[in-house]
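Trainee: Could you take me slowly through one part of this structure, and tell me how far the prediction can be trusted there?

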Amino acid sequence: MKRILKYGKATSQIIMLALTLTLVVACGSSVASEGETTADSPARPVELVIWHDKEEAIASVLESYLDTLQPEIIVTMERKHGLTETLKLVGNDPRVAPDFYFFAHDKLGVYAEMGILAPITDFVSEEDLEAFLPMTIYAATYRGNVYQLPIYFETLLFMYNRALMSDDEVPTTTEELYAFMRSGAGGRFGFIEQHSTAYFSAGWIHGFGGVIITEDGIPMLNAPETLAALEYRLKFVERMPGETEYATVNALFREGRAASLIGGPWLVPSIRASGVDLGLALMPTVSETGFSLSPFSGVQGLHVLRVAAENPEKNPAIREVLQMLLNTDIGVAMAIASGCAPALTAAYELDVIRNDEMVMKMRETAETAIPMPNIPEMDIMWTVLGNLLVDVNMRSRDIQEAADDAQRRAEDLIRIMRGE
Amino acid sequence: MIRRKIGTLNAWLLVIPALILIGVVVVFPIGYTGYISLTNMNIFNWFTFRIIGFRNYINALFLFDSGFLQSLGVTVLWTALNMTFQLVIAFVMATLLNIEKLRLRKLYKTLLMFPWAMPGYVSILLWRTGMFNTQFGLLNQWLYRLGMEPVRWLAGDVSAFLSSMFVNLWLALPFMIMIMDGALQSLDKSYFESAILDGAGWLTRSVKLTVPAIKPIIGPAVIITLFTTFKQFDVIFLMTKQPGAQTGANIHTVLTYAYENAFITHNYGFSSAVSMLIFLMLISLALLVNIRLRRVAD
């Protein structure tokens with residue numbers, strides 16, 4: 001017995017020692033192997049990594065398109081959960097950071113301020129950028145530098161169920177829309193949208209000539225235009241369901257319990273699959289101001305990490321990848337695969353794009369759509385404006401009082417963000 | 001003497017891996033947060049931040065306004081109600097599971113563990129959309145069948161609080177039932193047989209025998225659950241405050257309040273200072289609970 005105990009004790013000591021050594025050594029091994037990798041000979045193919053959060057249809061189109069650069073350049077698409085937060089942590093680490101990331105333009109101000117992005121103009125000329133829709137380049141620009149190579153953009157659309165709203169009934173003004181909602185729409189909701197979220201409400205504020213935040217980062221939540229938009233929209237909100245989160249809005253429309261909605265192109269496949277005879281229209285004009293509802297647009301594209309741009313082996317390969325994406329083919333392929341609107345102007349001269357109703361409607365809406373602000377301060381506004389909308393639309397708070405509170409809160413938080 | 005030294009060395013060797021693990025997983029993050037809280041780390045000087053002393057703490061104290069105090073009150077109420085219901089329900093359930101000659105005992109135990117096996121995020125969203133949704137939720141479908149008007153369960157502060165508490169109980173009860181069940185099974189049956197012979201009923205046996213006997217066994221689990229409940233974020237946030245899906249209720253716990261008023265600013269120095277202050281609050285609570293438990297034990 002004693003012997004067994006003695007051996008057992010010795011064995012456990014060895015195991016514990018091994019565990020301790022493993023814990024200590026494990027931290028160092030990856031560094032050593034990374035060191036070996038960086039010492040690779042330049043004759044080997046250059047491997048580039050793109051982080052993204054896109055659906056498979058989009059990612060596979062881009063990956064197959066870039067496969068033509070092989071064998072000299074191998075580009076790998078890596079789907080990254082929590083991409084935006086992970087980039088903050090590792091964006092400056094050449095061992096872990098990707099070479100590109102593929103994402104919407106609205107976060108580029110944060111990363112540009114952090115110093116982890118390289119301007120796209122280090123790789124493509126100013127003339128090359130003239131081939132893009134001006135709205136997309138405006139979206140990709142932060143403090144005078146272009147940080148994104150736009151590939152496609154999305155914007156909200158006015159969608160209607162032809163079985164419940166005929167083409168003749170499609171409203172051209174907000175008052176026509178309200179009259180349709182009041183008519184009862186056959187016992188269904190005449191119109192629905194995610195009324196208490198900042199993204200969906202921006203179109204109404206823009207329709208009154210307002211903005212959520214200026215380019216200098218000044219919140220405009222209690223500006224007269226914002227107040228007018230909030231007040232005018234209340235009568236529409238009262239005729240929508242109380243809960244209007246994504247799943248509810250989508251389900252109500254798909255099940256024929258709502259005649260029309262404002263939604264993104266990402267809803268279209270599931271709506272069509274449910275058998276709804278879907279019609280698409282331009283945004284109605286705000287009867288009070290004569291401006292159309294001008295939703296936010298999101299421009300999706302490739303951003304180059306500074307650590308990759310500074311790598312002499314990778315730099316020429318990055319240039320080749322970006323030059324290749326100046327071709328209209330990739331935007332067209334993505335439009336066919338996923339119904340997104342290409343960022344290159346020339347794509348809209350092709351029949352395959354001209355015959356796509358949804359893409360062309362987005363192109364038309366893009367004339368009035370406003371790119372989401374890409375300044376870091378906007379990250380605060382999503383939450384603060386969201387809370388203001390809940391206060392006004394769902395808690396019936398006095399608009400002026402709620403807006404003043406929200407403005408103060410936004411200013412305080414922006415001061416904290418800037419470390420003032 | 002040498003043998004004792006070797007024994008001490010052996011003991012250290014055995015605990016070193018665990019100490020390293022605790023150091024890496026628990027102590028280092030807290031220490032690093034403390035360090036960051038003394039710097040001006042934000043997105044505008046992400047890689048060039050420097051130590052600025054206690055300025056972030058001074059700013060963080062301004063966050064502790066009436067809104068924060070209200071959220072602290074809600075958190076205390078949330079913790080007290082959840083703990084009370086958890087302990088009472090878990091005790092009753094565990095007692096029922098320990099009835100002699102109970103059939104299908106293992107099946108009941110497996111079913112009761114089911115909420116624990118599901119990821120919390122999925123469970124919360126299932127409850128939110130499947131049960132409480134005004135348009136499609138099961139509760140309102142039942143009300144509709146009974147000819148009643150639909151209820152916006154998550155719109156009012158009180159109803160949203162109670163709905164969130166119900167979901168939290170659903171998520172947390174399996175753990176507490178398991179602990180109570182284990183504690184009840186470890187009790188010496190002879191005491192209970194004597195009590196029955198003395199004429200003690202179920203309530204008397206529970207209050208005078210069972211509860212005092214299982215107290216030291218369930219104590220650590222209760223303390224763990226107490227802190228988990230106090231620093232709860234996911235249930236209330238996902239039920240009522242998820243961006244793009246807010247319900248209209250305005251209930252905040254300390255953490256949801258801190259998230260909306262600090263963490264969205266990308267000012268990591270400031271956010272770390274807020275985190276450290278909340279951490280100190282939790283440590284104080286832990287000390288108070290420990291002192292109280294020690295007094296009860298004495």
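**Two helices of chain B**

Mentor: Within chain B of this predicted model, the confidence is lowest in helix 2 (residues 55-63) of chain B, where the mean pLDDT is 84, and highest in helix 7 (residues 157-185) of chain B, where the mean is 93. Taken over the whole of chain B, the mean pLDDT is 88, and 99% of the residues reach 70 or more. For the complex, the predictor gives an ipTM of 0.82 together with a pTM of 0.85.

With that in mind, let us turn to one pair of helices. Two packed helices are described by the angle between their axes and by the distance between those axes. Here the pair consists of helix 5 (residues 120-131) of chain B and helix 10 (residues 234-241) of chain B, whose axes come within 10 Å and cross at roughly 35°. The crossing of helix 5 of chain B and helix 10 of chain B is right-handed.

Now look at the residues that meet there. Helix 5 of chain B contributes B:Y121, B:I124, B:L125 and B:R128, while helix 10 of chain B contributes B:D234, B:V235, B:L238, B:M239 and B:T240. As you turn the model, you can look for B:R128 on the side of helix 5 of chain B, and for B:D234 on the side of helix 10 of chain B.

Methods:
Residues are numbered from 1 along each chain as its sequence is written. Chains are lettered from A and ligands numbered from 1 in the order in which they are written. This is a predicted model: local features need pLDDT of at least 70, side-chain atom pairs count only at pLDDT 80 or more; totals for chains, interfaces and linings use all residues. Side-chain values use heavy atoms; hydrogens and water are left out. Axes are lines fitted to C-alpha atoms, for helices over the stretch in contact, and angles run from 0 to 180 degrees between N-to-C directions. Helices (H or I, at least four residues) and strands (E, at least two) are DSSP runs, numbered from the N terminus. A crossing is left-handed if the near helix is turned anticlockwise from the far one by less than a right angle, and right-handed if clockwise. Contact means heavy atoms within 4.5 Å. pLDDT is the predictor's confidence in each residue, from 0 to 100.
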